[in-house]
Amino acid sequence: MRKLIATVFNYSLDGLLADEGTEFWKFVFDLPEIREPDDPAQLDFLRSAYAHIMGRTAYESIAEAMTTTATDHPFADILTAGRKVVFSRTLKAAEWANTTIAAGDTAEEVDELRQGGDGHIVVWGGVGLWRSLMELDLIDELRVSLFPYVAGEGTRLFDGVPKSYRLDLVSSTASSSGIVELQYRRHR
Amino acid sequence: MTKVVAIMSMSLDGYVADANDGVDEVFDWYFSGDVEVATASATSGMTFHVSAPSADHLRGLQAEVGAMLTGRRTFEAADGWGGQHPWDVPAFIVTHQVPEGWPRPGSTVQFVTDGIESAVARARSAAGPKSVGVHGAQTIQQCVNAGLLDEIHIDLAAVLLGEGVRLFDHLANTPVVLGDPTVVAGVGVTHLRYPVHTS
């Protein structure tokens with residue numbers, strides 16, 4: 001069965017996401033390695049994914065960036081070529097190549113994606129899809145990029161997670177610019 | 001130069017205790033390995049069982065700290081450590097009022113009632129060339145707000161709590177930009193140590 005791997009790209013030490021327009025957002029995207037991610041392992045991780053899943057808002061903003069304003073971004077070709085699934089009950093049509101719309105029950109749609117092979121599915125967010133998947137306890141692995149930053153404002157990603165959600169630490173690695181790459185597996 | 005270092009175990013989502021003030025989840029790593037680490041005090045000492053990297057890290061931290069600074073809540077939760085902090089260093093408690101029956105004769109636990117700056121100053125002089133360890137969410141917040149911290153040391157526990165007591169709450173001046181951390185990977189815990197940029 002395929003694993004669901006949730007990626008959290010911009011996470012502060014106080015548990016907040018970098019929301020657009022905040023100081024934290026500016027801090028994150030002023031770093032060259034965030035603007036132009038070129039770590040081969042990360043690119044391979046994305047390229048080898050069976051599918052990329054997103055909520056509607058995340059899908060629309062990523063689609064717009066990767067097909068119009070940031071076509072030279074290192075993720076653009078990978079994501080355009082990759083299988084994408086948008087979780088939405090309202091979206092009627094998706095223009096970006098290789099996209100399907102999952103409008104049914106979230107658990108059933110995810111289950112269908114997971115069956116029939118190994119490998120991994122990347123969960124991009126946004127926060128709504130994230131929280132649904134956490135509540136359903138469908139996330140197998142978390143990859144968090146922890147920034148050396150106490151943000152004070154932003155979206156509290158893990159609000160409302162099921163109580164005492166235990167994880168196994170797989171690895172924690174110091175990266176450039178004080179970023180710590182954390183990898184956790186859901187303890188089952 | 002004496003450093004002032006916040007020391008705290010925290011969940012990945014930023015909590016140092018659960019909604020019932022419980023710390024079992026964030027302290028789980030103290031009991032998840034097979035290397036014994038005993039704390040220094042003969043009377044209030046504890047023995048932990050941690051992984052090898054965590055053991056090295058804990059021993060280093062204990063050797064480094066020459067005085068502890070905590071709040072009243074930590075003091076109460078620990079029953080005053082029987083009058084002697086487990087790390088066998090003088091402990092300074094920031095409080096409005098000295099609790100009844102304290103200070104006790106022969107105890108190295110002392111009380112500071114005239115504010116955080118004074119408490120840090122007293123702990124500093126007791127620590128001598130060693131570091132001052134600051135423990136407790138509220139006390140750490142006061143130190144951050146007063147610009148008194150040199151480093152933040154977090155034992156990042158592999159658990160999400162969803163609610164509870166937040167470490168980085170009630171901060172006056174956010175964002176706080178930290179320096180590059182040192183990273184030690186243990187079992188179920190990542191030991192992170194960040195320099196605090198004071199500007």
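Of the 199 residues of chain B in this predicted model, 46% count as buried, a residue being buried if 20 or more other C-beta atoms lie within 10 Å of its own, exposed if 12 or fewer, and partly exposed in between, with C-beta atoms placed from the backbone. Residues are numbered from 1 along each chain as its sequence is written, while chains are lettered from A and ligands numbered from 1 in the order in which they are written. Because the model is predicted, local features need pLDDT of at least 70 and side-chain atom pairs count only at pLDDT 80 or more, whereas totals for chains, interfaces and linings use all residues.

The secondary structure of chain B comprises four helices and 14 strands, where helices (H or I, at least four residues) and strands (E, at least two) are DSSP runs numbered from the N terminus. The radius of gyration of chain B, taken over C-alpha atoms, is 16 Å, close to the 16 Å that the globule rule (2.2 Å times the number of residues to the power 0.38) gives for 199 residues, so chain B is as compact as a globular protein of that length. Along its principal axes, the C-alpha trace of chain B spans about 40 × 40 × 35 Å. Among the contacts in chain B between residues at least 6 apart in sequence, 65% join residues at least 24 apart, two residues being in contact if their C-beta atoms, placed from the backbone, lie within 7 Å.

The largest nonpolar core has 102 residues, of which B:Leu69 and B:Cys143 touch the most other members; such a core is a set of buried Ala, Val, Leu, Ile, Met, Phe, Trp, Tyr and Cys residues joined through C-beta atoms within 7 Å. Helix α3 (residues 116-127) of chain B supplies the largest share of this core, with six residues. When neighbours within four places in sequence are left aside, B:Cys143 is in contact with B:Val4, B:Ala6, B:Ile116, B:Val120, B:Val134, B:Leu148 and B:Leu149.

The contact between the two chains takes 26 residues from chain B and 29 residues from chain A. On the side of chain B that touches chain A, the elements giving two or more residues are β10 (159-160), β12 (176-177), β13 (182-185) and β14 (189-195) of chain B, and β14(B) gives the most, with four residues. The residues of this side of chain B divide into 16 nonpolar, six polar and four charged, with Ala, Val, Leu, Ile, Met, Phe, Trp, Tyr, Cys and Pro counted as nonpolar, Asp, Glu, Lys and Arg as charged, and the others, Gly among them, as polar.

In chain A, helix α4 (residues 56-69) has 14 residues and reaches 19 Å from its first C-alpha to its last, close to the 20 Å expected at 1.5 Å a residue, the expected span being 1.5 Å times one less than the number of residues. The buried residues of α4(A) are A:Ala58, A:Tyr59, A:Ile62 and A:Ala63. These four cover an arc of only 120° around the axis, which puts them on the same side of α4(A), the arc being that of the directions from the helix axis to the C-beta atoms. An α-helix has 3.6 residues a turn, so residues three or four places apart point the same way. The buried residues of α4(A) pack against β2 (51-55), β3 (84-87) and β5 (120-125) of chain A, whereas A:Thr68 and A:Thr69, on the other side of α4(A), are exposed.

A:Arg2, in the segment before β1 (3-12) of chain A, counts as partly exposed, with 18 C-beta neighbours inside 10 Å. Apart from its neighbours within four places in sequence, A:Arg2 has contacts that include A:Tyr50, A:Leu113, A:Asp118 and A:Ile121. The C-alpha atoms of A:Arg2 and A:Asp140, which are 138 residues apart along the chain, are separated by 9.5 Å.

Several backbone features remain to be described. Most residues other than glycine have a negative phi, and most peptide bonds are trans. The peptide bond from B:Trp102 to B:Pro103 is cis, with omega near -10°, and B:Pro103 lies in the loop between β6 (91-94) and β7 (109-112) of chain B. The peptide bond from B:Thr174 to B:Pro175 is likewise cis, with omega near 0°. Although not a glycine, B:Asp21 has a positive phi of about 70°, and with 11 C-beta neighbours inside 10 Å this residue counts as exposed.
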